[in-house]
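Colleague: Can you walk me through this one? I would like to start with the charged pairs and then move on to the ligand.

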Amino acid sequence: MTTRRTIGIVMNGVTGRMGYRQHLLRSILAIREQGGLPLEDGTLLWPEPILVGRSEARLRALAERHGLERWTTSLDDALADPITEVYFDAQVTPAREKALRTAIAAGKHIYTEKPTAESLEGALDLARLAREAGVRNGVVQDKLFLPGLLKLKRLVDSGFFGRILSVRGEFGYWVFEGDWQSAQRPSWNYRAEDGGGMILDMFPHWRYVLDEIVAPVRSVYAHSSTHIPERRDEQGAAYRATADDAAYGIFELEGGVVAQINSSWAVRVDRDELVEFQVDGTEGSAVAGLRNCRYQHRVGTPKPVWNPDLAATEDFRSQWHQVPDNEVFDNGFKVQWELFLRHVVTGSDYHWDLLEGAKGVQLAELGMRSAREGRRLDVPALEL
Ligand SMILES: NC(=O)c1ccc[n+]([C@@H]2O[C@H](COP(=O)([O-])OP(=O)(O)OC[C@H]3O[C@@H](n4cnc5c(N)ncnc54)[C@H](O)[C@@H]3O)[C@@H](O)[C@H]2O)c1
């Protein structure tokens with residue numbers, strides 16, 4: 001007979017966009033729908049969420065909608081529940097560090113959204129505290145588990161590129177100002193005093209994408225802008241956008257690779273996907289998005305000749321090939337949750353921990369400083 005082992009997970013911030021859709025619905029509830037998470041010894045791990053938030057009414061409605069029994073507005077009560085083993089945080093960024101400290105002090109394993117803190121000092125301190133407390137810890141690095149980036153990684157690992165020369169990334173879309181059409185992102189994202197800003201939001205992602213798929217980041221130069229200075233919030237009230245809504249970054253990677261990544265909420269999409277990375281190497285090139293990855297080998301590379309007197313002679317877009325799926329890709333957030341839960345229970349390998357998360361905060365902090373000071377900054381190695 002299969003044994004079922006329950007693992008209580010305090011989920012804080014589940015009324016938010018990420019907490020609800022990706023973490024509760026697409027990950028934890030999806031694991032329950034598939035009957036639990038099978039472990040190597042045949043045990044089925046059964047995640048039992050304990051919802052935490054500020055609004056009793058919203059928590060109750062959410063719990064009822066999904067047939068869940070445990071919810072509370074008190075983090076301390078949730079941590080004190082005898083089934084609680086893991087604390088998960090998807091709150092607004094400024095609320096995170098304090099809650100993580102509380103959970104570590106209560107001896108709980110930690111899984112958290114990025115950025116782990118608003119300062120590198122805070123992020124490193126969390127990593128230190130978790131190590132001292134002997135609790136297992138993980139940070140969401142979802143882009144690594146996207147089909148498009150998994151295919152890109154496959155190309156890198158196969159040696160397809162030869163020597164990688166450069167990366168150009170385009171991320172972004174138009175986020176409505178909130179006047180004649182409502183904004184599709186929360187207003188705190190556009191207020192620096194509330195933890196908003198493109199660099200703080202996206203550089204943590206670019207850090208692990210570059211470090212893990214291409215090469216470790218060694219320096220950063222960033223230019224940031226607030227292109228839309230006034231927006232309207234969820235209630236329709238005008239507010240001043242004090243945070244950067246676009247960041248133009250140049251990163252030097254180990255081995256001399258140059259990565260340029262534009263991130264903007266004030267750009268209209270002329271791409272196949274909302275994020276795309278083009279990687280050029282001596283032997284071939286590829287463009288990876290969320291789901292797809294197309295490639296061009298040197299033997300299939302056209303030889304364009306610059307002639308402004310003629311219309312384009314070739315259909316360049318048609319000269320690329322799709323990397324096949326070759327496997328079934330599950331939701332990236334869920335895949336990472338499963339790896340983390342296995343790690344908690346069985347001690348299996350897992351290296352996307354609070355120290356890795358601190359690297360993302362480091363790049364964001366240096367990126368913001370670079371933008372302020374207008375100069376390139378080295379990214380030193382981090383130690384605990
Ligand atoms: N991994 C990713 O791809 C990804 C994408 C978007 C956001 N995030 C991260 O997830 C976190 C949440 O972002 P989101 O877009 O879901 O935000 P959101 O505004 O939709 O949700 C925020 C949550 O925090 C709670 N909260 C706690 N204290 C709060 C306070 N003082 N003010 C307002 N809300 C408070 C809210 O109730 C809500 O549940 C952020 O740290 C963000 O950086 C990660």
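Colleague: How many residues apart are Arg60 and Glu56 in helix α2?

Modeller: This is a predicted model, so keep that in mind throughout. Arg60 and Glu56 are 4 residues apart in helix α2, which runs over residues 56-65, so about one helical turn separates them. The two form a salt bridge, with the closest N and O atoms 3.3 Å apart.

Colleague: Why can such side chains pair at all?

Modeller: Side chains of opposite charge can pair when their charged atoms come close.

Colleague: Is Arg60 buried, exposed or partly exposed? And which of these is Glu56?

Modeller: Arg60 is partly exposed, at 35% relative accessible area. Glu56 is also partly exposed, with a value of 43%.

Colleague: How many salt bridges does the structure hold?

Modeller: There are 27 salt bridges in the structure. One of them joins Asp89 and Arg96, whose closest N and O atoms are 3.0 Å apart.

Colleague: Are Asp89 and Arg96 buried or exposed?

Modeller: Asp89 is buried, with 0% relative accessibility. Arg96 is buried too, at 2%.

Colleague: What about Arg294, which side chain does it meet in a salt bridge?

Modeller: Arg294 meets Asp272, with 3.2 Å from N to O. Arg294 lies in strand β16 (residues 293-297), while Asp272 is in the loop between β13 (258-264) and β14 (275-281), so the pair ties together parts that are 22 residues apart in sequence.

Colleague: Where do those two stand on burial, Arg294 and Asp272?

Modeller: Arg294 is buried, at 13% relative accessible area. Asp272 counts as exposed, with 52% relative accessibility.

Colleague: Which residues are linked in a network of salt bridges?

Modeller: Glu97, Arg101, Asp125 and Arg128 are linked in that way.

Colleague: Staying with β16 for a moment, is Gln296 buried or exposed?

Modeller: Gln296 lies in strand β16 and counts as buried, with 10% relative accessibility. The C-alpha atoms of Gln296 and Ala286 are 6.3 Å apart, and the two residues are separated by 10 residues along the chain.

Colleague: On to the ligand. How many residues surround it, and which are the closest?

Modeller: The ligand is surrounded by 22 residues, and the closest are Thr15, Arg17, Thr93, Asp142 and Trp188. By type, the shell divides into 8 nonpolar, 6 polar and 8 charged residues.

Colleague: What does the side chain of Asp142 do there?

Modeller: A polar atom of the Asp142 side chain lies 2.9 Å from a nitrogen atom of the ligand. For Gln91, a polar backbone atom is 3.4 Å from an oxygen atom of the ligand.

Colleague: How much of the ligand does the protein cover?

Modeller: The protein covers 81% of the 840 Å² of accessible area that the ligand has on its own. The elements that give two or more residues to the shell are α1 (17-33), α4 (93-105) and α7 (198-214).

Colleague: Where is Arg185, and which side chains does it touch through polar contacts?

Modeller: Arg185 sits in the loop between β8 (164-172) and α7. The side chain of Arg185 has a polar contact of 3.4 Å with that of Tyr173, and one of 3.4 Å with that of Tyr190. Arg185 is buried, with a relative accessible area of 10%.

Colleague: Now the backbone. Is the peptide bond from Lys114 to Pro115 cis or trans?

Modeller: The bond is cis, with omega near -15°. Pro115 is in the loop between β6 (109-112) and α5 (120-133).

Colleague: And Asn326, is its phi positive or negative?

Modeller: Asn326 has a positive phi of about 60°, although it is not a glycine. Asn326 is in the loop between β17 (321-322) and α8 (332-346), and is exposed at 67% relative accessible area.

Colleague: Last topic: which domain does UniProt place at residues 51-137?

Modeller: An unreviewed UniProt entry places "Gfo/Idh/MocA-like oxidoreductase N-terminal" there. In the model, that span is 49% helix and 17% strand, with its end C-alpha atoms 19 Å apart. The unreviewed entry also lists "GFO/IDH/MocA-like oxidoreductase" at residues 150-286. Residues 150-286 are 19% helix and 36% strand, and the end C-alpha atoms lie 13 Å apart.

Note on methods: Residues are numbered from 1 along each chain as its sequence is written. This is a predicted model: local features need pLDDT of at least 70, side-chain atom pairs count only at pLDDT 80 or more; totals for chains, interfaces and linings use all residues. Side-chain values use heavy atoms; hydrogens and water are left out. UniProt positions are given in the numbering used here, feature names are shortened, and annotations may be inferred rather than shown by experiment. A salt bridge is a side-chain nitrogen of Lys or Arg within 4 Å of a carboxyl oxygen of Asp or Glu. Buried means under 20% relative accessible area, exposed over 50%, partly exposed in between (1.4 Å probe, protein chains only). A residue is near a molecule or strand if one of its heavy atoms lies within 4 Å of it. A polar contact is a pair of N or O atoms within 3.5 Å; within protein, one must be able to donate a hydrogen and the other to accept it, and residues adjacent in sequence count only if both atoms are side-chain atoms. Accessible areas come from the Shrake-Rupley method with a 1.4 Å probe; for residues, only the protein chains shown count as cover. Ala, Val, Leu, Ile, Met, Phe, Trp, Tyr, Cys and Pro count as nonpolar, Asp, Glu, Lys and Arg as charged, and the others, Gly among them, as polar.
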